[in-house]
There are 4 protein chains.
Amino acid sequence: MAKSATRSRLPTRDAILAAAQYEFAAKGLSGARVNAISSRARANKRLIYYYFGSKEGLYLAVLERTYEGLRGAERKLNLDHLEPETAIRRLIEFNFEYCRKHPELISLINNENLHQAKHLRKSTKVRELHSPFVRMIDEILKRGVSKGVFRPGLDPVDVYITIASIGYFYLANNWTLSAIFARDLGARAALERRKKHNIDMMLHALRAKAPRAR
Amino acid sequence: MAKSATRSRLPTRDAILAAAQYEFAAKGLSGARVNAISSRARANKRLIYYYFGSKEGLYLAVLERTYEGLRGAERKLNLDHLEPETAIRRLIEFNFEYCRKHPELISLINNENLHQAKHLRKSTKVRELHSPFVRMIDEILKRGVSKGVFRPGLDPVDVYITIASIGYFYLANNWTLSAIFARDLGARAALERRKKHNIDMMLHALRAKAPRAR
Amino acid sequence: MAKSATRSRLPTRDAILAAAQYEFAAKGLSGARVNAISSRARANKRLIYYYFGSKEGLYLAVLERTYEGLRGAERKLNLDHLEPETAIRRLIEFNFEYCRKHPELISLINNENLHQAKHLRKSTKVRELHSPFVRMIDEILKRGVSKGVFRPGLDPVDVYITIASIGYFYLANNWTLSAIFARDLGARAALERRKKHNIDMMLHALRAKAPRAR
Amino acid sequence: MAKSATRSRLPTRDAILAAAQYEFAAKGLSGARVNAISSRARANKRLIYYYFGSKEGLYLAVLERTYEGLRGAERKLNLDHLEPETAIRRLIEFNFEYCRKHPELISLINNENLHQAKHLRKSTKVRELHSPFVRMIDEILKRGVSKGVFRPGLDPVDVYITIASIGYFYLANNWTLSAIFARDLGARAALERRKKHNIDMMLHALRAKAPRAR
DNA sequence: GATGAATGAGAGTTCATTCAT
DNA sequence: GATGAATGAACTCTCATTCAT
């Protein structure tokens, strides 16, 4: 009954959210168990319904919290005054590292796609978080074009999705890829190798082709 | 466990597999219901246990069947005698189209990664079905390099994963991306646009650059 | 696990219905417990859902079964060839005795009125059971009028409801009436007394007033 | 448990009682929800326990309040100086109208009978609130007999219960009767018709008959 | 008087699975 | 090959009630 001092400052609500994030990420919406969440949070099961109404309500709260985490981290990236190539490199690195450190993000997004984004669409919050990021990429690309390092005509959303793709896919499907190729693609060296490959590919893909005298 | 070949001729067994593929893809392993599968297959529930032993056994059978489908289609692609750039283009197109026409592949792979490829690793069959693509890509890249159209030093597995990434991610996360960017990225036009973008990016990424004066 | 021989001939479905009738009558729809029903029926709780879909489905089945019991007993009353006064007397006695022997009927009807007959209205079965009874009363009244023993102008549904009222109310509210009047109105003597009172009142109410020379 | 008189001045307590009366009447004791009562009363749930101790305590308070309302209305009826037939007519009308305007009375009485008057018996208050009707009816009958309009030998409790029966039953079972006879017995015209029928039946039942020649 | 947070027990319901035929 | 009946365990969710302030 007596709660340990370590979590007494964390309100129970947050403890539930954290536990739920873990469980939903590990098992999916249908696979996660309310019981498991409540005992992981050391909270009474009833409280989940008190605060979130239902398992789905809790799931949505976790989803929003997870996206907020990502957008918050993105906002801290200050790419505006970097060289365009450096900025893109940072972006790829950030994307790769964030996914690596937050496997729950991948799981939750996959799960949400399984449900055809039914829950995410209810959330207006998430949409607002996104546009500044696209604008940021747009400016990087434009600066790159005017400096002659990037080729013109690239759409920032396309580029963003491509950057996200090459990091996300490798990490999201690491288990099946490792099984099929019979290698450990999750080993530290493999991860570093992949990150470099992604940067290399992306920069080659964006780079202006024609030789330029300087 | 080893079942005789005669069984595969039974229509009920196939009906169960098809229904299960649909349900597992739509709801995930934990979300799918044995009841739903049996009624979709118009088969008695008991037969599922007769043929596959358990829900998990059925799931593994579905997984194998799904990978077999993919590998079979891959094997039909004959890229050996095409120009290297054309071959890559075909590969990207194939990958994109196959994922688009087989959303169950994406769902099942995602699901399997959620379970850390626990089931896939059990399957000896799947490993034998190794993608012929790696060898194919290796040859394409080599030919491209010797013809001077592709830059050297690229690993075929890396390239394969990158090609897979850019198609898969867009399609797998179509629902959440559409929600976040408030666009319909699943519309026919958007899909075509994306396919072209993927080819464009990939070819730029692989292409040998003219030397740059500095 | 081994079921006793006494109920082995009764299919489980019927055992569930009987147990449910008891529980719903004793506790009402919301007060009855599915657990209690299943253990009274010595049936697995799951079977209730297998056969009846839900607690409400079971409740409706009980309701229909209960009305069928009443209508079946009514049908066996053969009042067609009796003297009109005797027929009415029999009817009052029957109604009183049936309610007394089937307190579950009263409980279930009260409960159903609490729910504004929500469930009963779904049942087409119940409506069909009723019309022959009204016709029977109509014929008794007509014969009574033509014989000069009953006054004319009485509607058979009105009369039926009145007959039902005077028996039902006394029995249905026996507990509160006994509490308020501080008497045991459920004692055998009190019941007999009431039955006679009902017959007396009803016959006086129906009887032709004007003196008739014979 | 004995609460001071000052409490009844508090609006919150009364709001709770009113809300509880509504909920208990609409759903029964087991169907009513403490949450629903507190939010209907716009009172904190905790206050229900502060004032009434438990859900059952609240239920008993509601029951007492409801009976008090009935007895109060009964006491206002002054039938002593009316013609006996008029007095009976008024009594029947009053009973019918009171039940019609106070469906919660019916619900609560039904519910209380479901529980075998368990709660009512606990209440000393209710027993003190004896109906003044029995004495009233006794006097009316006696006057009627001495005037030659009513037949002798009728017990006032029997008559009271009969008057209560014919009004109560029709109204209490209005929903099921309407369903069974496929008519709207709750319509204004049907109610008026029934009220007249009740008066007619009762007066005929009580009336002294002219002697019959045989 | 009044309240938000918390709770243990148990509600109805659903699950994958097996029995008997 | 095929089936209807049956099952124990576990599920999500709700209940009346109490704690701490």
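Chain A is divided into domain 1 (11-53) and domain 2 (63-206), with bounds that come from an automatic or database domain assignment. This is a predicted model, in which local features need pLDDT of at least 70 and side-chain atom pairs count only at pLDDT 80 or more, while totals for chains, interfaces and linings use all residues. Residues are numbered from 1 along each chain as its sequence is written, chains are lettered from A and ligands numbered from 1 in the order in which they are written, and side-chain values use heavy atoms, with hydrogens and water left out.

| Item | Value |
|---|---|
| Separation of centres, over C-alpha atoms | 28 Å |
| Buried area (accessible area, 1.4 Å probe, lost on being put together, summed over both) | about 680 Å² |
| Salt bridges (side-chain nitrogen of Lys or Arg within 4 Å of a carboxyl oxygen of Asp or Glu) | zero salt bridges |

Of the area buried between these two domains of chain A, 57% lies on carbon and sulfur atoms. Gln21(A), Ala25(A) and Leu29(A) supply 69% of the area that domain 1 of chain A buries against domain 2 of chain A, more than any other three residues. Contact (heavy atoms within 4.5 Å) joins eight residues of domain 1 of chain A to eight residues of domain 2 of chain A.
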